[in-house]
Every structure is written in C-alpha cells, then in structure tokens.
Number of protein chains: 2
Amino acid sequence: MDSVERMDLIVARLREEGEVTVVELAETTGHSEMTVRRDLDHLAGQGVLRRVRGGAVSLLPRGQEPPYAIRERQAPDAKRRIAEAVGELIGDGQAVLLDSGTTTLQVARELAERHITVMPLSLQVAQVLSDGRTARLLMAGGEVRVGELSLIGPLAEASLNAVRFDTAVLGCCGLSVAEGVTAYDLGDVAIKRAAMRSARRVVLAADSTKLAQVAMGYVCPVGDIDVLVTDTDAPDEAVAAISAAGVVVQCV
Amino acid sequence: MDSVERMDLIVARLREEGEVTVVELAETTGHSEMTVRRDLDHLAGQGVLRRVRGGAVSLLPRGQEPPYAIRERQAPDAKRRIAEAVGELIGDGQAVLLDSGTTTLQVARELAERHITVMPLSLQVAQVLSDGRTARLLMAGGEVRVGELSLIGPLAEASLNAVRFDTAVLGCCGLSVAEGVTAYDLGDVAIKRAAMRSARRVVLAADSTKLAQVAMGYVCPVGDIDVLVTDTDAPDEAVAAISAAGVVVQCV
DNA sequence: CAATTCAAACACAGAAGATGTTCATTAGAT
DNA sequence: ATCTAATGAACATCTTCTGTGTTTGAATTG
C-alpha cells in the first residue's frame with residue numbers, strides 16, 4: 001500500500017466515521033505510526049482534516065466539495081479522454097477561456113503545446129499552460145480561492161467582460177436536465193455565468209459521475225451548453241435527455 | 001563542476017563570444033560531449049541560446065534582459081537579505097502589491113506565511129504565495145510575458161486601478177539619481193507606474209548591482225520612491241545621492 | 001505524576017535524476 | 001554522391017532525493 005492508497009483510505013474513513021485514530025490507521029495500512037502521522041499532517045496541509053491528539057477529525061462537511069487533491073484522482077482515465085476530445089474541438093489560433101477544475105486542468109495539459117490564446121480561470125491551469133510556452137496566456141484577475149486556486153469575484157468578472165472568446169471550456173460539479181448545471185462554490189457560479197456570456201461557444205467537460213450529481217450553486221439550464229463532452233459510462237437516457245435539450249453530446 | 005556551474009560557464013561564454021562549441025565546452029568543463037549537449041538543450045528550452053550543429057549561438061542580444069533562470073542566480077544572498085528587510089516593513093493585515101522579478105520573488109517567499117493581502121504581478125510570485133496558504137491572494141489580470149511570467153497590458157492596469165494598496169514592493173533593472181528608475185520591458189514599465197499610483201507607499205527592492213545600471217524603459221525619478229532597500233555593497237556616494245532625493249535608504 | 005502521543009534525528013532502501021558510453025542515423029562539407 | 005563529424009536514442013552506472021521506520025527525549029492529557 002503506497003502513500004496514495006493510504007491517503008485515499010484515510011479520506012474514505014473520514015467520510016464514513018468523521019474521525020480517525022493514528023493507531024487504527026497504522027494497523028489497517030500496515031505502516032508505522034510515524035508514517036500515518038506524516039500522512040495526516042500532509043492532509044491537514046490540504047485542509048482535508050484537523051489533527052487532534054491520537055488522530056484527526058474530518059473537515060469535509062457533507063454536501064461540500066472534496067478537496068482538489070482528492071478529486072484529481074477520481075476518474076483520471078475518463079478525464080484524460082475527455083480532455084483529448086475537447087482539445088480536438090479547439091482550432092489553432094482560437095481564443096479559449098479555460099475554467100478551473102480537475103477536468104479542465106487536464107484539458108490545459110492537452111492545450112499546453114498548441115498555438116492558441118488562453119485565459120485560464122485558475123492559477124494551476126495557468127501554471128500548466130505557461131510551462132508549455134507556446135500558448136499566448138491572458139491571465140484573468142480575481143480573488144484566489146485557497147486550495148482550489150480558482151479565480152472569483154468582481155475582478156475576475158471584469159476580466160471576462162473585457163475579452164471575447166471563441167470557445168469557453170467549463171467544468172461543473174453536477175449536471176442534469178432537471179436541475180441544470182450546478183457547482184459547489186457560489187463565487188465560481190458567478191464566474192461560470194460571466195464566462196458563458198463572453199464566449200461564442202460553450203463546451204462543458206464533465207465525466208459521467210457528474211451526471212448523477214447536483215451541487216448547491218445553480219449555473220444555467222442544460223440547454224445553454226453548446227457541446228457536452230463526457231465519457232462512455234454516461235447512462236443512455238441521460239445522454240438522450242441532454243441531447244433533446246439541444247446540446248451536442250460527445251461520449252469518449 | 002556541477003550542472004549549475006556548467007550552465008553559468010556556458011552563459012558567460014555566450015556573453016563574451018556570442019557562440020560556443022560542444023567540443024570546447026566538453027574540454028573546459030571536463031564532462032562528456034553528451035552532457036554538454038544536454039546542457040545546451042536545456043538552455044535552449046529557456047530561450048538563452050539556439051542550437052546549431054556543433055554548438056550553439058547566443059540569443060542574448062546586448063542591452064536586453066538576461067533570462068529569469070540566469071538572473072535568479074545573481075547575488076542570491078543579497079536578495080535574501082533584502083527580502084527579509086522588506087518583509088519587516090510589511091505589517092500584518094496590510095494590502096501589498098508585489099512586482100515581478102527575482103528579488104520580489106524572494107520577498108514573496110518571505111511573505112508566504114504571513115497574514116496579509118497580496119496582489120502579485122507575476123505568476124511565479126503567485127505560485128509561491130499560494131503555496132503558503134495564509135495570505136489572501138488577489139490576482140492581477142493581464143497578458144503573461146513568456147519566460148518572465150510577469151503580467152502586463154491593459155488588463156493588468158485595470159486590475160491595479162481597481163484596488164488600493166498600503167505598500168507596493170517593486171523591483172527594477174536600473175537605478176540612479178541621474179537616470180531614475182529603469183526597467184528593460186516597456187510593458188513592465190507601464191505596470192510599475194500604475195502600481196505606484198495605486199499604493200500609498202512605494203518600496204523598491206534592488207540589490208547594489210542595479211545601482212550601476214540603466215535600462216531602456218524609464219519608470220520614474222528616484223524621488224518618487226519612498227523606501228529603497230538594497231545591500232551593503234552599495235557605494236556610499238550613490239546611497240547619499242539617493243537619500244538626498246528624499247528616499248529612505250536601507251542597506252542590509 | 002504517569003501514560004500516551006508527538007516530533008526531531010538518524011538510518012536505510014527504493015526511486016528518480018544525472019552522467020557517460022555505445023551505436024545507428026543524419027546533417028553538412030567536399 | 002560520398003564521407004566525416006555530430007547527433008540523439010538506448011542502456012548502464014552512479015549519485016541524490018524521497019519515503020519510511022526506529023529511537024529517543026519532550027510535550028500533552030487525564
């Protein structure tokens with residue numbers, strides 16, 4: 001059991017029990033208590049839990065978004081395929097708006113070596129794109145959400161209002177015909193809306209697990225999306241319903 | 001001779017001769033030709049040189065700014081001391097504007113664990129601050145200069161106009177009473193000016209090597225600076241002249 | 001005050017990176 | 001067109017880093 005598996009186990013335990021103990025985790029994982037403590041300290045640094053004597057308590061209230069480092073490990077294959085498909089939707093020279101999130105981060109990796117103009121809505125996405133050194137980077141301003149590194153607030157909206165894009169690539173937390181497109185953070189919601197206003201075409205990149213979920217913040221009805229790229233695990237009836245709303249659905 | 005020394009040697013040769021050969025470098029450094037080639041490829045990736053058969057030619061025209069990776073190794077001790085002193089000038093809870101550059105990057109490392117509000121004018125500085133997770137990060141928008149990762153252009157100016165700061169911590173490329181504060185890139189110059197307009201107090205962080213230099217872009221007269229933090233190698237007459245212009249000079 | 005937990009320090013193993021060597025391929029010179 | 005030197009890929013070796021466990025003394029809690 002390597003460090004990644006251990007972390008996943010700890011997070012799973014925290015979700016079920018709300019708290020964990022060092023001794024119990026050491027037995028379960030088969031590693032020393034010192035190693036468990038180091039794992040817990042690491043997760044504490046990500047804001048996942050709070051250390052207490054003998055163990056840790058969860059900082060993940062139900063109904064709230066799991067932290068970045070956790071989400072990045074969810075459905076990585078699907079996200080990679082989706083990112084690849086989104087990359088093919090973007091032509092060279094286009095101006096692209098790239099949302100924050102783990103799926104769009106993967107899209108950024110796909111676009112990093114392309115010759116396009118990109119405005120990322122996340123510091124992490126910006127990092128990936130600047131490493132590529134070929135894309136023209138137009139940074140959005142805004143307040144940086146700690147942990148997420150997404151950009152929100154009036155400065156971010158002002159940045160979006162100042163530019164027009166060929167394509168906006170958005171992520172989301174939940175998606176259904178009944179409930180529309182939803183996200184956890186209300187600040188992010190406002191930005192997604194502004195992003196849609198600034199782009200001629202809106203592409204939503206969402207793996208199939210999102211189709212079953214509804215988050216607190218309402219972004220827009222499904223029909224406002226132009227293209228949805230998801231994976232082949234998406235249930236047929238959901239895909240049919242979303243298509244019926246006028247969305248081009250692509251399953252990869 | 002480790003890889004850092006080799007790179008420095010290669011850059012020095014490029015500055016003197018304008019070009020280098022693989023064979024000669026292999027002899028001088030005492031390493032294999034393959035290693036030299038890998039070094040050259042690495043520097044080519046940073047935009048320092050262009051590979052040609054048998055060697056490489058410089059991409060560093062005189063009068064232009066050396067690339068980031070090179071500057072970061074210049075006077076690192078002085079920069080650290082300066083950064084520490086600048087950190088002491090910043091009180092908790094303040095709103096701080098942080099310029100791009102290698103000296104201000106060091107300042108960012110100093111401020112990363114503080115509880116302040118910071119607007120960085122560089123992606124790299126933003127990266128450092130977001131790692132700290134204590135500072136409130138207000139990202140400036142703007143076009144990202146490739147290689148430098150500094151933010152320039154109208155979006156950046158708009159971000160600066162939208163906020164007011166207690167302190168602006170600026171870097172520069174050249175500084176003298178006769179020629180004022182100067183920088184290489186004209187885009188950066190405009191941003192530095194806007195930054196000064198948005199801050200009650202302007203702190204310039206510049207190691208003593210900057211006192212002898214003049215760059216192309218004129219930012220402002222020396223007297224517009226409130227505090228200059230430099231190192232103890234600064235010549236006394238220069239310090240006296242700058243003080244006479246009404247600047248509080250601190251040598252560390 | 002006693003029992004437990006913790007964190008710093010050191011030791012060790014496996015992983016990752018850097019370097020050198022060999023060799024087939026390629027670019028440039030003749 | 002042919003030859004020579006340069007190149008980059010592939011592999012082997014060595015070094016450095018990172019992750020882990022153990023020990024030990026300090027800190028916390030009941």
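**Ground rules.** I number residues from 1 along each chain as its sequence is written, letter chains from A and number ligands from 1 in the order in which they are written. In this predicted model, local features need pLDDT of at least 70, side-chain atom pairs count only at pLDDT 80 or more, totals for chains, interfaces and linings use all residues, and side-chain values use heavy atoms, with hydrogens and water left out.

**Entry 1: domains of chain A.** I looked up the division of chain A. It has domain 1 (3-62) and domain 2 (70-251); such bounds come from an automatic or database domain assignment. I then took the two centres over C-alpha atoms and found them 31 Å apart.

**Entry 2: chain A against chain B.** I turned to the contact (heavy atoms within 4.5 Å). Chain A puts in 26 residues and chain B 25. The two chains bury about 1900 Å² between them; this is the accessible area (1.4 Å probe) that two parts lose on being put together, summed over both. Carbon and sulfur atoms carry 63% of it. On the chain B side, R133(B), M139(B) and L155(B) lose the most area to chain A, together 30% of what that side buries.

**Entry 3: helices 1 and 2 of chain A.** Next came helix packing. Helices (H or I, at least four residues) are DSSP runs, as are strands (E, at least two), numbered from the N terminus. Axes are lines fitted to C-alpha atoms, for helices over the stretch in contact, and angles run from 0 to 180 degrees between N-to-C directions. Helix 1 (residues 3-17) of chain A packs on helix 2 (residues 22-29) of chain A at about 130°, axes 11 Å apart. The pair is therefore oblique. Under 35 degrees counts as roughly parallel, over 145 as roughly antiparallel, 65 to 115 as roughly perpendicular and the rest as oblique. I noted R6(A), L9(A), I10(A) and R13(A) of helix 1 meeting E24(A), L25(A), T28(A) and T29(A) of helix 2. By class, that contact has three nonpolar, two polar and three charged residues. Nonpolar covers Ala, Val, Leu, Ile, Met, Phe, Trp, Tyr, Cys and Pro; charged covers Asp, Glu, Lys and Arg; the others, Gly among them, are polar.

**Entry 4: helices 6 and 7 of chain B.** I found the axes of helix 6 (residues 102-111) of chain B and helix 7 (residues 123-132) of chain B within 8 Å, crossing at roughly 15°. They are therefore roughly parallel. L105(B), A108(B), R109(B) and L111(B) of helix 6 touch Q124(B), V125(B), V128(B) and L129(B) of helix 7. I sorted the residues of this contact into six nonpolar, one polar and one charged.

**Entry 5: helices 1 and 3 of chain B.** Helix 1 (residues 3-17) of chain B and helix 3 (residues 33-45) of chain B cross at roughly 70°, their axes coming within 11 Å. They are therefore roughly perpendicular.
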